[in-house]
Amino acid sequence: MGGTAGSGARYVFLVGRLRNRQITMEEATELFEIMDLTVRSLSAAAAAAPTAPPSSSPPKRAAPEPPTSRFNSDELLPFGILLVGAASGISAALRERSRNGPRKGPPEPTR
């Protein structure tokens with residue numbers, strides 16, 4: 001998700017480990033960093049407003065626009081929810097693992 005195919009594959013791998021409750025603290029930190037970089041790049045793209053093309057007519061004096069904060073944008077709300085959800089999922093998985101220990105794999109077949 002960080003912009004390259006390798007980081008996208010790593011993201012999918014880490015989410016799979018999280019869903020199976022087999023994630024380590026280092027992997028959880030890496031997953032959080034990937035998600036944080038994604039949210040930052042999306043918020044930077046949303047904050048970069050497209051510039052208006054120059055017009056041939058003289059500019060009209062318009063009323064000054066109120067200052068906008070990039071944190072008040074409704075477009076960033078889904079990404080914030082995603083980040084909070086991912087962080088709570090990682091936290092829950094780590095709590096569960098610390099409480100119950102590592103998940104045991106399927107039993108080996110007897111021959």
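Reader: Why are H2 and H3 called roughly antiparallel?

Author: In this predicted model, their axes cross at roughly 175 degrees and come within 10 Å. Axes are lines fitted to C-alpha atoms over the stretch in contact, with angles from 0 to 180 degrees between N-to-C directions. Over 145 degrees counts as roughly antiparallel. H2 and H3 are therefore roughly antiparallel.

Reader: Which residues of H2 and H3 make the contact?

Author: Contact means heavy atoms within 4.5 Å. H2 gives residues including Met25, Leu31 and Phe32. H3 gives Phe79, Leu82 and Ile90, among others.

Reader: What makes up the largest nonpolar core?

Author: It has 12 residues, among them Tyr11, Leu31 and Ile90. Such a core is a set of buried Ala, Val, Leu, Ile, Met, Phe, Trp, Tyr and Cys residues joined through side-chain atoms within 4.5 Å. Buried means under 20% relative accessible area (1.4 Å probe, protein chains only). H1 (5–19), H2 (25–47) and H3 (77–100) each supply at least two of the core residues.

Reader: How many helices and strands are there?

Author: There are 3 helices and 0 strands. Helices are DSSP runs (H or I) of at least four residues, strands (E) of at least two.

Reader: How do you know which values count?

Author: Local features need pLDDT of at least 70, side-chain atom pairs 80 or more, while totals for chains, interfaces and linings use all residues. Residues are numbered from 1 along each chain, and side-chain values use heavy atoms, without hydrogens and water.

Note on methods. Buried means under 20% relative accessible area, exposed over 50%, partly exposed in between (1.4 Å probe, protein chains only). Angles under 35 degrees count as roughly parallel, over 145 as roughly antiparallel, 65 to 115 as roughly perpendicular and the rest as oblique.
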